[in-house]
Amino acid sequence: MRSPDLPAPREPGRYVVGLVCLGNICRSPMAEVVLRDRVEQAGLASYVVVDSCGTAGWHTGKPMDPRSAATLRRAGLDPSRHRAQQLSAAWFADHDLLLAMDEQNLADARALAPDAAAAARVRLFRDLDPDPDGRGGEVPDPYYGGDSGFEEVLRMVERTSDALVTALREVLDAS
Ligand code: 4NP
């Protein structure tokens, strides 16, 4: 399968990706830790920078939700370094691509974009989902649900991160 096109990097050979959800304590921190792990495994750690934020600032400075952290630990990943950040207009100057977990996050992030070109650098994370049934869908908010919601988020994030790394390699090779 051909990877979906990603925006070209602003600087050849370097790509900065931000993952965006609402609170930056459940979904986007899981995506950040998983994607960074996959980037490292692919040997792209010198070229790809990954971070995350929330459109809301309620949890700024806090670690990830304990249920997200436990889910990552079960997958052998370290959640301990995360501290929540809030999306601001400055993120558009610092990032090549912002990937939103759901449609509301996408709309809220685009509303902060300084211009149409910046808004076009915000996409849905699951536009990269290799599962054709899930592609273009949302990563559902697990905050108010049970532990199974966090496991479901992990599975979506793992397979989408694998596809995203392939797409990142292609766009970096072409830069
Ligand atoms: P997240 O989940 O957007 O995946 O981090 C949520 C975290 C906190 C809240 C809602 C969703 N909250 O209402 O505080």
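This is a predicted model: local features need pLDDT of at least 70, side-chain atom pairs count only at pLDDT 80 or more; totals for chains, interfaces and linings use all residues.

Which strands does helix α6 lie across, and at about what angle does it run to β1? I looked: α6 (residues 147-173) lies across β1, β2 and β3, and runs at about 145° to β1.

Next I traced the strands. Four of them form an open sheet, in the order β2-β1-β3-β4, and the pairing is parallel. The edge strands are β2 and β4 (122-124), since each of these pairs on one side only. I also looked up the twist, which averages 25° from one strand to the next.

**Entry: β1 and β2**

I zoomed in on one pair. Strand β1 (residues 15-21) and β2 run parallel and are joined by seven bridges. I picked two spots to check: V16 has V49 as its bridge partner in β2, and L19 stands opposite S52 in that strand. Together with helix α1 (residues 27-41), β1 and β2 make a right-handed β-α-β unit.

Is β2 largely enclosed or largely open? Six of the seven residues in β2 (residues 48-54) are buried, so the strand is largely enclosed by the rest of the structure.

**Entry: helix α4**

Then I moved to α4 (residues 103-111). This helix lies across β1, β3 (97-100) and β4, and it runs at about 175° to β4. I found N105, L106 and A109 buried in α4. Looking down the axis of α4, I see its buried residues fall within an arc of 100°, so they line one face of the helix.

**Entry: T160**

Buried or exposed? T160 has a relative accessible area of 0%, and buried means under 20%, so I wrote it down as buried. Its side chain reaches the backbone oxygen of M156 at 2.8 Å. I then left aside the neighbours of T160 within four places in sequence, and found T160 in contact with F125, R126, L128, D129 and P130.

Terms used: Residues are numbered from 1 along each chain as its sequence is written. Side-chain values use heavy atoms; hydrogens and water are left out. Buried means under 20% relative accessible area, exposed over 50%, partly exposed in between (1.4 Å probe, protein chains only). Helices (H or I, at least four residues) and strands (E, at least two) are DSSP runs, numbered from the N terminus. Two strands pair if DSSP finds at least two bridges between them. A crossover is right-handed if, with the strands pointing away from the viewer, the path from the first strand over the helix to the second runs clockwise. Axes are lines fitted to C-alpha atoms, for helices over the stretch in contact, and angles run from 0 to 180 degrees between N-to-C directions. Contact means heavy atoms within 4.5 Å. The arc is that of the directions from the helix axis to the C-beta atoms. A polar contact is a pair of N or O atoms within 3.5 Å; within protein, one must be able to donate a hydrogen and the other to accept it, and residues adjacent in sequence count only if both atoms are side-chain atoms.
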